[in-house]
Amino acid sequence: MSHLTEQHYPSVTELVLSARALVAESPDLCELRRIGTSRAGRPLHLLSVGRAEQRVLVVAGAHSNEPVGGPTALHLARRAVHEEQLRSGTSWHFLLSADPDGAALHRASAPRSLFDYHRHFFRPAGPEQPEWAPSVLPPDEWPPETRALLNVIDELRPYLQVSLHGTDLGGSWVQLTQDIPGLAEPFAKSAAQLHIPIETSTSDAAGWPIAGPGVHVMPDPGTDALFPSLPEDVTRSTWHHVHRYGGSTAIVEVPMWASDLVDDPARHPAPHEALQRVSGRLRAQALRVEGLLQETGLREAKERSLPEGCGPLLRASRWALGLVPGLAEDWLRPPPKGATMTYVSSIDAFGRRLPLRAAAMLLRVLDEAGDPAAARLERLVAQWSSSFESHFKARWVPLEHQVEHQSRTAVAAARHARVKVN
């Protein structure tokens with residue numbers, strides 16, 4: 001497993017300081033302003049480069065455990081400042097962190113292994129995620145981070161929104177709310193140059209139309225979902241809000257650790273049997289975590305009884321476990337005709353990821369509470385992390401490659417989407 005040396009994912013504070021330095025360097029081109037406040041009182045910052053009326057909005061940090069978006073946003077901002085062609089007719093706007101509260105809880109700024117990553121892991125429950133909240137909550141319950149993002153979309157009316165995401169282990173892929181013709185070729189070329197596998201059949205977009213290898217287009221509203229148990233309605237997320245202004249959204253995913261197992265388009269010889277095994281393992285692992293929740297009294301614990309800061313961790317752990325029964329049942333259904341090796345591997349990774357994340361966040365709660373069960377759970381998190389790494393033959397993707405691939409894809413999406421709009 002490759003180790004990081006001096007590479008690390010910058011904190012939100014570091015991102016803002018870098019953004020201020022860029023504004024000081026080019027005050028005629030750049031502006032940094034506060035566009036909202038998080039639930040915990042942290043500022044939400046928007047960095048703008050250029051004044052053109054054709055606008056691209058780039059959203060970083062929507063998921064706190066996917067920190068690559070921040071450095072990618074800064075890299076793109078610097079490019080927009082120094083490359084006149086990039087801002088010719090287009091202004092660029094960067095939400096530096098859509099969830100600064102979550103970023104403060106996910107503390108793996110320089111993970112050296114999947115265990116290290118999960119030992120400091122946080123990803124909020126679905127209703128607390130800024131982009132996803134509108135898909136599961138009524139408007140009067142949306143968090144302030146969601147409202148700030150929607151307000152920025154209403155103000156800017158971008159022709160393209162680029163949401164920067166990442167996966168812990170796997171490959172790269174793009175999800176589009178509407179097709180952007182011409183994007184697949186530069187996306188694939190960049191991935192090949194940087195030795196990043198393309199996840200050609202990701203579980204995140206199972207059953208969606210495909211515009212090219214790893215480029216998935218969201219289906220029309222009302223289309224039957226391949227995994228019906230998942231609660232989110234993609235068409236009600238912030239990704240679709242730009243459609244009212246004639247825009248579209250590209251979600252760009254890049255891995256921290258790569259696996260060539262997710263870049264194999266060959267037909268799987270026995271996908272149904274393989275997914276039955278994945279389903280069984282998912283249930284068994286989730287039951288182990290559920291058992292610890294019961295044993296420690298945390299299954300029904302009230303937040304006021306927890307150490308400070310543990311409420312979001314416990315809520316997220318319970319929420320992840322709540323997804324398991326439905327998904328395990330979904331994966332017992334016959335798979336799509338012609339299911340590929342990639343499709344099965346992607347679901348296999350999803351199935352390993354869910355209970356591992358629930359266990360990792362529960363471990364942090366037990367640590368804070370000084371519960372003796374923490375040592376036992378830490379061994380389990382270490383074991384599952386190691387098994388995840390070894391099965392998928394994980395290899396670290398250098399941070400500069402993660403950033404370069406994501407920024408190249410964002411620029412290509414902006415270029416081709418603008419042609420479509422014009």
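Colleague: What share of the 422 residues of the protein count as buried?

Modeller: The model is a predicted one. A residue is taken as buried when its relative accessible area is under 20%. By that criterion, the share of the 422 residues that count as buried is 58%.

Colleague: How many helices and strands does the protein have, and what is its radius of gyration?

Modeller: The protein has 13 helices and 10 strands. For 422 residues the globule rule gives 22 Å, and the protein comes close to this, so it is as compact as a globular protein of that length. Its C-alpha atoms fill a box of roughly 60 × 50 × 45 Å along the principal axes. The radius of gyration itself is 21 Å.

Colleague: Why is helix 11 described as largely enclosed by the rest of the structure, and which residue just after it takes a positive phi?

Modeller: Helix 11 covers residues 341-369 and reaches 43 Å from its first C-alpha to its last, close to the expected 42 Å. Of its 29 residues, 25 are buried, so the rest of the structure largely encloses it. Just after helix 11, a positive phi of about 65 degrees is taken by Gly370.

Colleague: How far apart are the mean positions of the positive and negative charges of the protein?

Modeller: The protein carries 43 positive and 48 negative charges. The distance between their mean positions is 1 Å.

Key:
Residues numbered from 1 in each chain as written. Predicted model: local features only at pLDDT ≥ 70, side-chain atom pairs only at ≥ 80, totals over all residues. Heavy atoms only, no water. Helix = DSSP H or I, 4+ residues; strand = E, 2+ residues; numbered from the N terminus. Rg over C-alpha atoms; globule rule 2.2 N^0.38 Å. Buried < 20%, exposed > 50% of the residue type's maximum accessible area, 1.4 Å probe, protein only. Lys, Arg positive; Asp, Glu negative; His and termini not counted. Charge placed at Lys NZ, Arg CZ, Asp CG, Glu CD. Expected span 1.5 Å × (residues − 1).
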